[in-house]
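Me: I am new to this structure and would like to understand the terms used to describe it. Could you take me through them with care?

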Amino acid sequence: MSEISTLTQKGRGGQPAPEATRGDVYFTPQVDIYETDKELVLLADLPGVRPEDVDLRFERGELVLHGRVRPRHPETGRLAGEYDVGDFYRVFNVHESIDAGKISAEMKNGVLTVHLPKVAAAQPRQINVRAQ
Amino acid sequence: MRATRWQPFNPIWNQLQQLQEDMNRVFERWSEDGGRLLGRSAYPPVNVWEDAENIYVEAELPGLSLNDLEIYVTGNQLTLKGERRQPVPEKAVWHRQERGFGTFSRTLTLPFDVDADKVDARFENGVLTVKLAKHESARPRKIAVKGE
C-alpha cells in the first residue's frame, strides 16, 4: 500500500472560495481520509446538508466539494450561538493513480463518503514466487 | 458533565461574552475549520433561540446514529448524551483524521423551566433540533394597563 497520500489538500484551511452571490461565509468541512488496496475513501462532516445540496465535482485533477446549507435560524430570539451556519467548501488535488471516471459518493446523516478507486496499475498485486 | 449558564438580563455580561467571542474569532480564522466554532466550549456546540412559546436547542452531530443518542429533560435542564463512533475499515491506512469521535455528555441550564411532556426532538441531515415548550409560568403575559 502506498504511503504517499494521493489526495492532498489545496491550500490551507482558509483557502480561496468561489465568489458567493449571497455574500455568505464559506467553511472548511472536517474530513477523514483512508486508503485500502483498491481505493481511497474520503469522509466529510457536512451537517445540515441534504444529499441534493452536495455539489461534488472532479475537474482538472481536482476534487471540489461544495455543500450548500440553507439558513435555518430565525433572525430574532437568539439566546446562545456557539457555531455559525454556512456553506461548506473544500478542494483536493487528486493524483493520477485515481480512476476519476469511477469516483462515487453517498450521503447519510450529514456525512459524505466519497469513494475514489485506484486505477488497476496502482493496486498492489501479489506476485507468486516459484521455487526453482 | 458541564453546565452552561446564561445571564440574558445582564447587559455587561453579554458585552464581555461578545468580546470573548470576537477575540476567539480572530484566532480561529486560521484554524482548520475556518472559524466555525465560536469559542472553545463543551461538545457539542449548540445554538439556542426562543419564541413566545418554545425554546429551541440545535446541535450538529453528523454521522451520529440515533441508537447512540440520549436526551434528558428535567425542570430547566437539558442533557445531550451520546457517542460518535469512528468507522473501522479493514486493512486501511489513515491519511488524515480531523473528525472527532468518542462519548459526550453536555447539560444545558435553560433560562426557564420547560414542560418535559412537550419536548420534540428531530434529527435530520446530522442536525439535532430539540424544541421545548416553555412552562406555563415562563410564558410572557401581557399586562393590561389601566388608565386614569
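Reply: Let us begin with two terms: strands (E, at least two residues) and helices (H or I, at least four) are DSSP runs numbered from the N terminus, and two strands pair if DSSP finds at least two bridges between them. This is a predicted model, in which local features need pLDDT of at least 70 and side-chain atom pairs count only at pLDDT 80 or more, while totals for chains, interfaces and linings use all residues. Residues are numbered from 1 along each chain as its sequence is written, and chains are lettered from A and ligands numbered from 1 in the order in which they are written.

Me: What makes strand 3 and strand 9 of chain B a pair?

Reply: Pairing asks for at least two bridges, and 7 bridges join strand 3 to strand 9 (residues 127-134) of chain B, the two running antiparallel; in one of these, B:E60 has B:V127 as its partner.

Me: How do you know that strand 2 of chain B pairs with strand 3 of chain B?

Reply: Here 5 bridges join strand 2 (residues 46-50) to strand 3, again antiparallel, with B:V46 opposite B:A59, and the two strands form a hairpin with 3 residues between them.

Me: Why is strand 3 of chain B called mostly covered?

Reply: A residue is buried if 20 or more other C-beta atoms, placed from the backbone, lie within 10 Å of its own, exposed if 12 or fewer, and partly exposed in between; in strand 3 (residues 54-60) of chain B, 5 of the 7 residues are buried, so the strand is described as mostly covered.
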